[in-house]
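Welcome! Let's take a short tour of a few places in this structure, one stop at a time.

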Amino acid sequence: MQQLWLIPCLPLVGFLLLVLGHGRCSRSVARLVGVGSVAMAGLVTLWVALDFYSAGAAQSYQVQLWPWFNAGTLEVSFGLYLDGLSLSMLFVITGVGSLIHWYASGYMWQDPDYQRFFAYMNLFVAAMLTLVLADNLVLLFLGWEGVGLCSFLLIGFWHQDPANGYAARKAFVVTRVGDTAFAIGLFLLFRELGTLDLPTIMALAPEQFVMGANRPTLIAALLLAGAVGKSAQLPLHTWLPDAMAGPTPVSALIHAATMVTAGVYLIARTHEVFLQAPDVLLVVALIGLFTLLISGFTALNQTDIKRVLAYSTMSQIGYMFFALGVGAWNESVFHLMTHALFKALLFMTAGSIILAMHHEQDIRSMGGLRRQLPVPFWCFVIGSACLVALPPTSGFFSKEAILIASWQLPGYGPWLWLGGVLGAFITAMYSFRLLFMVFFGPQKAHPHEPKGWQFHPPLMILGALSLVAGWFVLPTATVLPASPAGHPPTWTIVVAIAMPLLGIGIAYKVYVRHQWQGLRFVQWQKLRQFLFQGWGFDGMYKRLLLTPFTTLAQVNRNDMIDGLPKLLIQLSRFLHGLFSQLQNGQLRFYIATLASAAIIVLALALKVL
Amino acid sequence: MNWLALTSLMPLLLVASISVILLLLLAFIRDHKLTCWITCLGLAMAAFWAFADMGDAPQQVTPLLIMDDFSRLLGGTVLLVSLACGWMSYTYLETADEIREEYYILLSLAALGACVLVASNHFASMFIGLELMSVSLFAMVGYMAHSKQQANMTLEAGVKYMVLSGVSSSFLLFGVALIYAYAGNLNIDLLVAAEGPRLQSGYLVIGSALLLVGVAFKMSWIPFHMWTPDVYQGAPAPVTGFLAGAVKVAVFAFAMRWLMMAQGGYLDLLLLGLTVMAVLSMVVGNLLALRQNNLKRLLGYSSIAHMGYIIVTLAASATLGAAALSTALEAAAIYLITYASMTMLAFAVISQLAAQDRRFESGTLAHYQGLLYQQPLLAGALMLAMLALAGMPLTAGFIGKYYLVLVAVDSQLWLLLSLLVLGSSLGLYYYLRVILVLCKTPVGDSRLTLGASEKLLLTLLVAVTLWLGLYPTPAIQWVQLAIQ
């Protein structure tokens, strides 16, 4: 495990090289450094994994690198922690990350800021790896903020367009709301347990907390708020669709495969705290459920290919939260892994389509592309099949497991299951609507497909992985509690398998056969608009928060509090002028002053007598 | 006087011998470089000797001078300041149409006077040291009398300094006379135990107060500060550096001996007056600097404010009593050393600039606009000096101010502490204004040249200023050693 530190270090070194050599090295060197550092990190991960497995999987390693700071009783170190959960995340980040970097090296080739792009991407990977490897919550928070920063930088990568800058700011500010809550959660956790060391917290939490008491509930709720912000769940989800302003590989890496799943990782990492707060766990499940339904409906009405995928990402992360909430911890992380694979595949395929269509993203102007773009077509089919959980793709295994686990939950189980199945139906509708609108029907454009070793191989590898990942076994079982035991009735499984097929069938009827046009778009214009805009959350926030805030700012334009400092400034200036008058340069005046001052000093001294 | 006493007095003898050697030398050879070399080497040797002697037993050399670690530490500091002053004078004089060599005789005499002042524990030697320093300085301040550009300013400054200094010295001398009348003795330590024609203590009070007037004048404590901006502006830049660095250190070192270390209860008599002066100096000094447009005047006001801050240590030693006296002494010594380093840095930059264009010292701040792009080393050094004077962390200024705050909090001097904080925040405004001017877009594009020796001097001063800020432990340990 001694080489563990190399994993976050390699991309960081890549970042430093790219930044220091900015403008001084060629594109090919930048490509070598940018892609190479992440690929190397991937190889080291494999090496570490070999060590990990050969020593038996039921274990964890804590590697102390050096102390970071001490404040009172808080001792924070740069320390890494490796167990089944962080190893699984390492696989996803370095594996999928390398493939996306590979793909990005071709996708971004024409961009004038090629080197800057890879510098940000490497920094992102370094921060994300710090996040998952941190052995204490402060270091985790450092990574957490680091990925937030990189997300901001990469969404606004094409900063020449003010809209992109706006999207970047929006993402930063909205996630900041969650981050603040997260930070307060950390403070409370430290106050209660006296440590922020993760293994210690996991050991102490069941002993120190009373299940369902106020303290663990509050802490878990605050941590949940942080997770919700980062993972774009209700109600802090509004930034993700706008984040699609970034380059497509960024969307694939940050806003589909890795960063947005950090919230899931956080909850899984601190599961002992959440287990002490069953109410919050139920909230986690409900947030997941509502997010997956709402964003599913929204995806059904989007016309921008990347926005459809963005809503789909929110909806799939909703499944992960749903799984966490119903106690299917392992299944949630499993779905995280499969989702990272197939969603990265979908995004990268979408990227290829966008390039082929000369940066056209509106699916209404696409159509019939399956003949011109065979490789993206088949990759998209695989990705969509995984997304809608068709057996025997990887998505089927992960989603099926989640639905089974939700049925088992005592009390609300079947109701939650019903919501999950409904979500699966909608998922099938919008995914195949997208597939049919882009690849079927009459041909509307003349695409030029980007070809080469940077485009097809990563897609094919991801496609293959997405198909077979269902048989992978993640080493999380030793870390996370098992899901409730038992078998649900067989009909539930049948329904769960049938629902996606039904959805596909309806999508086929509507979008390929052009029948049942009543379902095509919701006919009522206002409702359609409402769904198109993502259930009016943006408008609500604008009315509730933005408008009052800007109005207040307008009213207080000449900051009232400023009056006091301004008064001070004027007073200082006035006094300066006053005293400057005395420095008149006249010797006689100076001597007179000296003599009078001497008298004053004498008087003051005599007062003592 | 035995051999041991003589060797312990060696730093002073070395400095004195510089002036003799130079006087003799100038009868035969006039060589600016050689003169400067001899002065600098002599000062360096003297400083080295002073520091090397540290840790030795205190030597009372005649009743007049005491060579203890305190004298050695602050005397060495004064000598180093004089060394920097001599070093920076070279280029400055090189570009002046003026007889150059005699300047170094005056400089070494002034340094000698400052060292005597630091080492005196007798009012007679104090007066000799003070006057030796001041009289040399009259000539140094007015040294550029033949320069067409500078004659007016420099002569005016010289005359002002001479007249005002004379007035203040007469107060001081009268004070000394009254104290003698009270105690029958001029040794500052023996006062309490004095056997002699004791007069009533009114003599002591008035004598001490008048003595304080003389000290306050040299320290430019408000309201005895009137001369400061005019003289600072008119004097040649290296001389201003000496005035701001060496004179202040030497006079305050005497004040520490007289008010903090000596038995006599002077401090209790003068505390009220000192507090009033501290309050005025901190507030009015900073206010006066606020919108000042000439850098040398600005530094003059800034030195008023800084000297106001240091009164905190005097006040603290009065309230704390003997127990924590050493903390106050330590704070004062560290403050003096850090202040000397950053002031000399600032004046070294001004001297180098003024050597190339006299408008840098006589004109407004506008001349410094965009200096960062024309002469990054000089501008960077000046920025560092400004940040240090403002008390930014990682510079020498922070350590000094930190000690003052520490002492003020320990002895619960809330009024002085709050004014210190207020003054520092006012100070930030004008120090940062200088930095802002340096960073603006340059107006012309006159490239300035800088010789190797000037670069070395600047580098050394920058290194000291940073070293005191980044790793002050050795310096602090040294000071603690000297204070014990």
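## A valine and its neighbors

V213(B) has contacts with L594(A), A598(A), F171(B) and F224(B), leaving aside residues up to four places away in sequence. Keep in mind as you look that this is a predicted model.

Where does V213(B) lie? You will find V213(B) in helix α8 of chain B, which covers residues 202-218. Its relative accessibility is 1%, and buried means under 20%, so V213(B) counts as buried. The chain also brings V213(B) and S169(B) to a C-alpha separation of 8.6 Å, although they are 44 residues apart in sequence.

## Two helices from two chains

The crossing of α24(A) past α7(B) is right-handed.

## A covered helix in chain A

Our last stop is helix α14 of chain A, residues 305-325. Its 21 residues reach 30 Å from first C-alpha to last, close to the 30 Å expected at 1.5 Å a residue. This helix is mostly covered, with 20 of its 21 residues buried.

At the start of α14(A), a side-chain oxygen of D304(A) comes within 2.8 Å of the backbone nitrogen of K306(A). After α14(A) comes G327(A), with a positive phi near 90°.

Notes:
Residues numbered from 1 in each chain as written. Chains lettered and ligands numbered in written order. Predicted model: local features only at pLDDT ≥ 70, side-chain atom pairs only at ≥ 80, totals over all residues. Heavy atoms only, no water. Helix = DSSP H or I, 4+ residues; strand = E, 2+ residues; numbered from the N terminus. Expected span 1.5 Å × (residues − 1). Buried < 20%, exposed > 50% of the residue type's maximum accessible area, 1.4 Å probe, protein only. Polar contact = N/O pair within 3.5 Å; in protein donor to acceptor, adjacent residues only side chain to side chain. Left-handed = near helix turned anticlockwise from the far one by under 90°. Contact = heavy atoms within 4.5 Å.
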